[in-house]
Amino acid sequence: MRALSRPCLPKLTASIRSTSKCSTRSYAIQAPGAPTIEIFNRRTKWLQRERAAANVEASRRVDYLRDEVAFRLSERLLDITRRFDHVLDLGANACNIARILTQPDPDPVSEKPVSEPLKTRISQLTAADSSKTLLYRDAAEPFNDEINITRTVLSTEETLPWEANTFDAVLSSLSLHWINDLPSVLAQINNVLKPDAPFLGVMFGGDTLFELRTALQLASMNILGGISPHTSPLADVRDVGGLLQKAGFRLLTVDVDDIIVEYPDIFALMKDLQDMGEQNCLVERRFGGIRRDVLAAADGIYRELHAEEGSQGLPATFRCIYMIGWKEGAGQARPLERGSGMVSIKDVLEGRKNPGPDTEGST
Amino acid sequence: MPAKPPRPIEKFATAVAKCTIESSAYGKCIVADYKNVHEGKCMAEFQKLKACYTAAYKKA
């Protein structure tokens, strides 16, 4: 290997006045902490969510999606038979998770009814969000008395203010998709968790609102002759696994759930997104919103391209990526070493009793 | 408290909703060859749609 010299490093013997191009180059060094590319304008997003929450009635009307997803996320808590002293709800929106945790029967589908609400297993819940109005929207609701909840307004969701090893679990429902630097936030979540504590999160990903995306693209292509982004770039399922692993989480579980909501027209969909505070806040977006003729065109295209046969409404897909990761801890189950398996999964799945001839073992 | 007047965009949405035939014709024209959409394609259909919702908007 020694014989291979790196051509772009100036040789020691070369004179300082050497004019070779290589000598003027330096290493491309990545700044510590990874460069943050700003995709979303956090201030715009903050404003949008503050404004949306200020209209309490409209904001509650569009809680259907957050409630449903918070419910599905909390259901996953049932699988962990543990008590949690201190739980963080990161990006709490209107504390939808807190409300779900106080519901009397968290698992209505199960044959054996779970009679205890999940809150009985949680001593303290910290709900954190950057939008104060949204966070305190339901502060006077009765569920607040049933659970020991503390609300914390964050200056930004990208930097977590807590000390390391603070929480016994971190939950996050439908807010991570607005984070610019997801790897850093996930690593910070890992940091604030106690050892062997879980992180359960859900975010919009991949094909979320692909119908709206395609309809708007075709319409603006046709009417304006070019496109500008109106929907966010989102993380894909395969990215999430890698991100969690990079952040130091163990025993990962990632799964996807599509929620399809039907809207009467494109305006109703966009109005609901606005009331949720989930509208476009890309840094590179076109100011002034979408032109009306483009909207009218997109509505027609949406209907032709995506509406179900015989249905009046327009389907909108919300792809939720659920992720569970555990902070490394002593005594935690670990995956076995690669190649150490003794039973063929093929035999198990085919229900064969006799193992193959190449495996040792009894019947 | 009297009901608030509808936001202009809501009025616009109602107007567009009245033009289902024109909207569908335009949509079909675009979707028929959606891999090759360019500026000015299906303009005849779009002008009909536009005339329809503009008229409906004025009436409302």
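Hi everyone, let's start with the open space: the largest pocket has a volume of about 1,200 Å³. A word on terms: on a 1 Å grid over the protein atoms alone, a pocket is an open set of points with protein on both sides within 12 Å along at least five of seven lines, a cavity is a set where a 1.4 Å probe fits but cannot get out, and lining residues have an atom within 4 Å of a point. Grid points are joined across faces, edges and corners, and a volume is the space filled by probe spheres set on the points.

Before going on, please keep in mind that this is a predicted model: local features need pLDDT of at least 70, side-chain atom pairs count only at pLDDT 80 or more, and totals for chains, interfaces and linings use all residues. Residues are numbered from 1 along each chain as its sequence is written, chains are lettered from A and ligands numbered from 1 in the order in which they are written, and side-chain values use heavy atoms, with hydrogens and water left out.

Two or more residues each come from helix 1 (42-54), helix 8, helix 10 and helix 11 of chain A, and from helix 1 (8-17) of chain B. Helix 10 of chain A gives the most, seven residues. Helices here are DSSP runs (H or I, at least four residues), strands likewise (E, at least two), numbered from the N terminus. By class, the lining has 19 nonpolar, 13 polar and 10 charged residues. Nonpolar covers Ala, Val, Leu, Ile, Met, Phe, Trp, Tyr, Cys and Pro; charged is Asp, Glu, Lys and Arg; the others, Gly among them, are polar.

Now the interface. How many residues of chain A are in contact with chain B? There are 19, and they meet 26 residues of chain B, contact being heavy atoms within 4.5 Å. The two chains bury about 1,900 Å² between them, 65% of it on carbon and sulfur atoms; that is the accessible area (1.4 Å probe) lost on putting the two parts together, summed over both. Asn222(A), Arg292(A) and Glu304(A) supply 34% of the area that chain A buries against chain B, more than any other three residues.

Glu304(A) also forms a salt bridge with Lys28(B), at 3.8 Å from N to O. The rule asks for a side-chain nitrogen of Lys or Arg within 4 Å of a carboxyl oxygen of Asp or Glu, and it counts one salt bridge between chain A and chain B.
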